[in-house]
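Let's take a walk through a protein together. Have a look at the sequence and the fold, and then we will go through them step by step.

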Amino acid sequence: MVRKVSPKQPPRRRTSVPTVLHAPLLADIPWLVHAFSTRAGGVSSFVNSQFAHELNLGNVAWDSTRNVDENRRRFRVALGAADLRLVVLRQIHSDLIRHVDSEIPTTGDALITDKAGYLLSIIAADCLPILIADSKQRVIAAVHCGWRGTARRLAEKVVGRMRMFFNSQPQHLRAAIGPGIRRCCYRIGSDVEEEFRSQFTYASKVLTSRSDPPSPLREKYPRLFITYKSPEFKTFHEPDEETRQIYLDLVLANVTQLVDAGLPRNQIYSEAPCTSCHPELFFSHRRDAGRTGRMMGSIGIKNK
Ligand SMILES: [Zn+2]
């Protein structure tokens, strides 16, 4: 029997081995394991998806617990952490920082430990997973930074916590910001914009304004578009409330916080790709309108 394959949309073949990304800054610390997952190399599949072998690592309505468990197992094997205990929080977009020792916390948005044997993991699909390692004191952290965590200065607070509890010196810290939605795609509303403008002196650096491209209809018949919001004396090419778009640079905001906390800029990796721009590599909550999978950023101290 010959199977027909549509020439328009051939299914993309993928290996069953997860593709994981490493940050060069963390890769040469011998006692450390770390990685950021991509969507490739799992056992899950979406209805109507052009992709197969999805590595969904989060509990979402469309996937089974069995698939997620198998995907998580494959991910841990791929990053050489099969013997580490996976620690995942119920993330609530807070500034709650939880320590991992003999007790495993359940809720919060940042994990810290100096103990070997735990794989601290952040679940994300646009929010930034940030991994931090103290190369001298052997302390690690995993941080979940969406706009709320960033507005609450979570990354900065985690560095403060590492200093207070583990005597970490910021010049010995290395941080890697994983794949997330970047300024090219992260359009925000006026509420988020106001939150950032009121919180940060550097808000103008992390917020950019763009306007919709001028439409031919608008150009030809500008008077059709006069509304109460756009009085006649207004220049028609000036962005008005309806066409003004604000984009947030979450990566730069978190780099700024880490630098403010004392990390040298060259010890912060911030070049990971945009999740929304790369459907072949990443899940994106925004791009896929919520119907998507979840990825992980994970860091652990190896067992001796
Ligand atoms: Zn993008």
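A handy term first: two strands pair if DSSP finds at least two bridges between them. In this predicted model, Ile112 stands opposite Ala141 in strand 9. In general, strands of a sheet pair through backbone hydrogen bonds, either parallel or antiparallel.

Six strands make up an open sheet in the order 5-6-9-8-10-14, and their pairing is mixed. At the edges you will find strand 5 (97–99) and strand 14 (268–269), each pairing on one side only. Helix 4 (residues 154–166) packs on the sheet, where it touches strands 5, 6, 8, 9 and 10, and its direction makes about 160° with that of strand 9. Helix 8 (residues 250–260) packs on the sheet as well, touching strands 8, 9, 10 and 14; its direction makes about 25° with that of strand 8.

What about the inside? Of the protein's 304 residues, 38% count as buried. The largest nonpolar core has 72 residues, and Ile132, Ala141, Val143, Val158 and Ala175 touch the most other members. At least three residues of this core come from each of domain 1 (20–183 + 249–301) and domain 2 (188–245).

Conventions: Residues numbered from 1 in each chain as written. Predicted model: local features only at pLDDT ≥ 70, side-chain atom pairs only at ≥ 80, totals over all residues. Helix = DSSP H or I, 4+ residues; strand = E, 2+ residues; numbered from the N terminus. Contact = placed C-beta atoms within 7 Å. Axes fitted to C-alpha atoms, helices over the stretch in contact; angles between N-to-C directions. Buried ≥ 20, exposed ≤ 12 C-beta atoms within 10 Å, placed from the backbone. Core = buried A, V, L, I, M, F, W, Y, C linked by C-beta atoms within 7 Å. Domains from an automatic or database assignment.
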